Amino acid sequence: MDEDRSGWFIYSFVARGTMVLAEYTEFTGNFPSIAAHCLQKLPSSNSKFAYSCDQHIFNFLVNDGYAYCVVAKESAPKHVSVAFLERLKADFRKRYGGGKADTAPAKSLNKEFGPVIKEHMQYIIDYAEEIEKLLKVKAQVSEIKSIMLDNIEKTVDRGEKINDLEEKTTDLRNQAQDFKKQGQRVRKKMWLQNMKIKLVVLSTLLILVLIIWLSVCHGFNCTKKDHN
């Protein structure tokens with residue numbers, strides 16, 4: 001399963017209008033040209049689009065004049081690609097919103113934002129299961145809201161007592177809060193796992209620095225002064 005996940009995302013870019021500002025891929029192929037061709041035909045309205053070609057899905061998210069794209073294998077779940085685009089959009093807007101992205105030349109942000117695209121790809125792949133759980137919680141909350149509105153409408157039609165309506169509303173609100181707490185627990189778990197990874201990397205770097213120091217100095221002799 002992990003091997004399948006590692007190849008989910010093939011190519012990604014961020015564009016202003018039809019001009020690609022930053023892109024990332026580890027593969028070779030004609031998907032950049034196909035994605036650029038699709039980009040030329042995208043509507044300017046804020047929305048999501050997906051096109052299928054050569055067993056790949058070209059996913060697009062258009063928002064406020066910018067287009068976010070990820071080319072994924074057909075085996076990649078749709079909600080995973082959507083989650084990646086939403087995460088990519090949020091980070092790009094946070095870094096460049098109202099700034100140099102509005103006037104940046106084509107592919108001028110490759111060097112600084114290309115590696116960021118790669119990081120987001122890996123993050124979504126690593127936490128695909130947790131993301132799916134969060135989406136299910138959101139769907140359940142949305143369903144509860146729909147049921148609550150439907151019950152209110154039926155209650156008004158039948159002329160039930162207001163006290164009965166309040167009790168039903170309270171029960172539904174409690175269910176929504178339970179689902180919200182479940183989502184918070186999942187997000188906390190993802191954060192803790194991310195911190196563990198960072199601590200392992202930091203510890204490894206410190207050990208490497210210590211090993212290099214000891215090998216160069218033949219122990220701790222570097223700190224000793226030579227007396228004649």
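Visitor: In what order do the 5 strands of the open sheet lie, and what is the sense of their pairing?

Guide: In this predicted model, the order is β2-β1-β5-β4-β3, and the pairing is antiparallel. From one strand to the next the twist averages 15 degrees.

Visitor: What makes β2 and β3 stand at the edges?

Guide: Each has a single partner strand, so one side of β2 (19–25) and one side of β3 (47–53) are left without a neighbour in the sheet.

Visitor: How do you know that β4 and β5 pair?

Guide: Pairing takes at least two bridges. Strands β4 (residues 56–63) and β5 (residues 66–73) have 8 bridges in the antiparallel sense, so they count as paired under that cut-off. Val 62 stands opposite Ala 67 in β5.

Visitor: Which helix touches β1, β2, β3, β4 and β5?

Guide: Helix α2 (residues 31–40) packs on the sheet and touches those strands, its direction making about 40 degrees with that of β1. Helix α4 also packs on the sheet, touching β1 and β2, at about 50 degrees to the direction of β2.

Visitor: How do you know that the span of helix α4 agrees with its number of residues?

Guide: At 1.5 Å a residue, the 17 residues of α4 (residues 110–126) should span 24 Å; the end C-alpha atoms are 24 Å apart, so the two agree.

Visitor: Which residues of α4 are called buried?

Guide: Among them are Phe 113, Val 116, Ile 117 and Ile 124; the word applies because each falls under 20% relative accessible area.

Visitor: Which members of the largest nonpolar core touch the most others?

Guide: Of its 35 residues, these are Phe 9, Phe 84, Phe 92, Leu 109 and Phe 113.

Definitions and conventions. Residues numbered from 1 in each chain as written. Predicted model: local features only at pLDDT ≥ 70, side-chain atom pairs only at ≥ 80, totals over all residues. Heavy atoms only, no water. Helix = DSSP H or I, 4+ residues; strand = E, 2+ residues; numbered from the N terminus. Expected span 1.5 Å × (residues − 1). Buried < 20%, exposed > 50% of the residue type's maximum accessible area, 1.4 Å probe, protein only. Axes fitted to C-alpha atoms, helices over the stretch in contact; angles between N-to-C directions. Contact = heavy atoms within 4.5 Å. Core = buried A, V, L, I, M, F, W, Y, C linked by side-chain atoms within 4.5 Å.
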